[in-house]
Amino acid sequence: MRDAGADGRNETVDERADRQWQELIQEIRVAQTGVQILFGFLLTVAFTPVFHGLAQTDKTIYIVTVVLGSLATGALIGPVALHRIVTGRRIKPEAVAWAGRMTLTGLVLLLATCTAALFLVLRVATHNALVPWLVGGVLAWYLLCWFALPLWARIRDTTEN
C-alpha cells in the first residue's frame, strides 16, 4: 500500500525504510571516518614521551576524551551491526528508527570528544587563560552547525498537511 508521507513522497512503508536506511548510511559514513581517525590519534597519545610529563589534570582530561571517543565510535558503528543482525527479519522501519537514535547519540558524543580533545590540546600547547573561551567559541560553532541550524530549518520548513 502506497502512502504519501510527511515529505509528500508516494512510497510504501518498506520503500520509505529502504530510502531512509540508504540516506542514514551515507550520513554515517562521513561521521564514522572522522571519529575513527580522531579516536586512532587519541589512542596513540598515551604512548608518547610527552604524555608522561603531563599534569594529572591533563591526563584526566585525556582519559575522559578517549572514553568519549570510544563511546562515539561505538554509537556510530552500531547501526551497521544493527542492520547486519536484523537483516531479513522484516523490521527495517524499526531498525531505521533505532539506527537514527544511535547516530544522533554518536554525533553528541563526537561533539563532546572534539571539544574535550581541543581543550586538552590547547591547554597543553598554550597554558593560556583564553583556552576555555576559545573552546567555548568552537563548541558554540559546533552546536550551531550540527544542531541549531538543522533544527531551525526543520521547524521553519516543516509544514503540516
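Y142 and W146 sit four residues apart in helix α5, about one turn of the helix; helices here are DSSP runs of H or I with at least four residues, numbered from the N terminus. An α-helix has 3.6 residues a turn, so residues three or four places apart point the same way.

Before I go on: this is a predicted model, where local features need pLDDT of at least 70 and side-chain atom pairs 80 or more, while totals for chains, interfaces and linings use all residues. Residues are numbered from 1 along each chain as its sequence is written, and side-chain values use heavy atoms, without hydrogens or water.

Searching the whole structure gives two aromatic pairs, meaning Phe, Tyr or Trp rings (the six-membered one for Trp) with centres within 6.5 Å; planes under 30 degrees apart are stacked, over 60 edge-to-face, the rest tilted. In the pair F51 and Y62, the centres are 5.0 Å apart and the planes at 65 degrees, so it is edge-to-face. Y142 and W146 are stacked, at 5.1 Å centre to centre and 20 degrees between the planes.

What lies over the face of F51? K59 does, 5.5 Å from the ring centre; the criterion is NZ of Lys or CZ of Arg within 6 Å of the centre and within 35 degrees of the ring normal. Likewise, the charged end of R101 is over the ring of W98, 4.9 Å from its centre.

Last, α3. Helix α3 covers residues 56–86. After α3 comes G88, with a positive phi near 85 degrees.

Notes: Helices (H or I, at least four residues) and strands (E, at least two) are DSSP runs, numbered from the N terminus. The expected span of a helix is 1.5 Å times one less than its number of residues.
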